[in-house]
Amino acid sequence: MLGRILVRFVRPYWPFLLLVVVFQAAQSVATLWLPSLNADIIDDGVAQGDTGLILMLGGIMLAVTLAQIVCAIVAVYFGARIAMSFGRDLRAKIFATVGGFSEQEVSRFGAPSLITRTTNDVQQIQMLVLMTCTLLVSTPILAIGGVVFALAEDPGLSWIMVVAVPVLLIAVGLIIWRMTPQFRRMQERIDAVNRVLREQLTGIRVVRAFVREPVEVARFGVANDRLTETATKAGRLFALMFPVVMLVLNVSSVAVLCFGSYRVEDGSLQVGSLIAFLSYLVQILMAVLMATMLAFFLPRAAVSADRIGEVLDTASSVVPPVDGATELPEPGRLELRDVTFAYPGADAPVLRDLDLVVEPGTTTAIVGSTGSGKTTLVNLLPRLFDASAGSVLVGGVDVRRIDPDALWGRIGLVPQRAYLFSGTVASNLRYGNPDATDEELWAALEIAQGREFVEAMPQGLDAAISQGGTNVSGGQRQRLAIARALVKRPEIYVFDDSFSALDTATDARLRAALARAVPDATKVIVAQRVATIRDADQIVVLDHGAIVGRGTHEHLLETSPEYAEIVQSQLSAEEVA
Ligand SMILES: Nc1ncnc2c1ncn2[C@@H]1O[C@H](COP(=O)(O)OP(=O)(O)OP(=O)(O)O)[C@@H](O)[C@H]1O
Ligand SMILES: [Mg+2]
């Protein structure tokens, strides 16, 4: 998975990658050259007392160092660019994929996990790309080149390398091997912390109202501690890394100096060469360390890549059609044919064998006790879900064959839980129609009975709305959601219990205004209040997912005991009041 993601998202930046490779190689060669120049200064310059040579070689060293710095800067610059662009593209891709998900896929992953995958997991791979770009090229050159140059200086001491390199490899390898299992756990626990935090922030009012803060604090504490525990475990192992590396490095340096000194004494090795050998040994061991560090990021990135791959490979269960219809033969008409719907994972269907026709320009009301499937039914119309069996037709065409934009453009859904986005009143109203003028916004507000309270706000249309619309009342939020659907000017309006938070008088005014303003539009109204629906052309009574009665108010009063019961319950409630 990691390989696939890397190839796919790094490929567009291959010219940069080429630059990185070239400059890294140049930088490594410069690094390798320096100790050998240094040895020459000592052996041919200092030992012979040749100041001119020292100055000249010193000058060359300076130039080489400068070149090395420039190459390193260029390489790191382009490496960072590749890594950051990679991260941006990958995040954009995940975002686009998640945007196409239906509710089903979102609930499978869970929103907090999707957030972690888009942020933290991408960052892990981005880190790997950055490390690779800065190390992958120079590491092998430094390691192999170091061996070659060191042997050229003195083959007699090379056995120290033969011992030191495997020791370092094994030690660091062991540490990393112990760390790897912690990583998957770590990502999962980051998910967990996100989940708890998100739930608590969303439900903060409920938490306060029920004095659950201590419990919630404890719950967060547990998730937090578990993350800390894994992070500490990984961190402790990581802390071992440097002492081990330094130990190997210093012991082998001592060995080089110790055994080298005998050889200097008997004249088979020059002092400068000894120092150069030492430098090469350090370079080699550093390269080995870097390589293992890369191996340290690799497993973590692989875990993250798998998690991202899961998201990218998930196809939405609501698949948009290829070449979907954009023109519908019977605008404004709705039809359900033998529709059965079960939520994924549920044993029993929520809707069973529904047949329903809504003629253009008419008003259909749906009533039923809570949990009878009303919301589920209206969610099938804009294709938030696909029916498990049977077909849903909008404008005479199966929704599965309609172009999604064409479908959504025709349906103005006011969901049961009105949701507003952070921004202003105007930005929310223009959500479905960015080109609407201020006059159109006011007209929509007028119909939705929202004009008064928006006018009362100091900034009017530019009044700020917080995320989720939490800074307006429930009824105001509902009216803004209704106005938002009106601004879109669809052929079909679907109100899912959108009048419940309004008082009876406002409810009546709103419906009258709606009938006047959009007489030709088809309206589907889910409601609890009999007063809201009694004038509808057709009333559908839903009970446990099946239609148990349909017709006008008068007709149903006589024929449907369920409807009569609903009416009766509200009448008696009013009488008591
Ligand atoms: N996302 C979901 N996953 C699984 N089951 C669900 C889901 N949403 C609703 N249900 C089930 O489907 C049934 C019908 O729910 P629905 O929301 O359609 O009822 P409703 O008639 O709109 O109720 P209300 O009047 O309270 O809004 C419920 O009994 C519920 O158990
Ligand atoms: Mg509902």
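The magnesium ion (ligand 2) of this predicted model is coordinated by Thr375 through OG1 and by Gln416 through OE1, at 1.8 to 2.2 Å. Donors are N, O and S atoms within 2.8 Å of the metal (3.2 Å for Na, K and Ca); water is not among the atoms, so the site may look incomplete. The pair links distant parts of the chain, 41 residues apart: Thr375 belongs to helix H11 (residues 374-380), and Gln416 to the loop between strand E6 (411-414) and strand E7 (423-424). Helices (H or I, at least four residues) and strands (E, at least two) are DSSP runs, numbered from the N terminus.

Thr375 is partly exposed, at 27% relative accessible area, and Gln416 is likewise partly exposed, at 38%. This class lies between buried (under 20%) and exposed (over 50%), with a 1.4 Å probe and protein chains only.

Residues around ligand 1 (a heavy atom within 4 Å) include Tyr343, Val350, Thr375, Gln416 and Gln528. Its shell divides into two nonpolar, eight polar and one charged residue; Ala, Val, Leu, Ile, Met, Phe, Trp, Tyr, Cys and Pro count as nonpolar, Asp, Glu, Lys and Arg as charged, and the others, Gly among them, as polar.

| Residue | Atom | Distance |
|---|---|---|
| Gly371 | backbone N or O | 2.9 Å |
| Lys374 | polar side-chain atom | 2.6 Å |
| Gln416 | polar side-chain atom | 2.7 Å |

The protein covers 59% of the 630 Å² of accessible area that ligand 1 has on its own (Shrake-Rupley method, 1.4 Å probe).

Residues are numbered from 1 along each chain as its sequence is written, chains are lettered from A and ligands numbered from 1 in the order written. Local features need pLDDT of at least 70, side-chain atom pairs count only at pLDDT 80 or more, totals for chains, interfaces and linings use all residues, and side-chain values use heavy atoms, without hydrogens and water.

Technical notes: A polar contact is a pair of N or O atoms within 3.5 Å; within protein, one must be able to donate a hydrogen and the other to accept it, and residues adjacent in sequence count only if both atoms are side-chain atoms.
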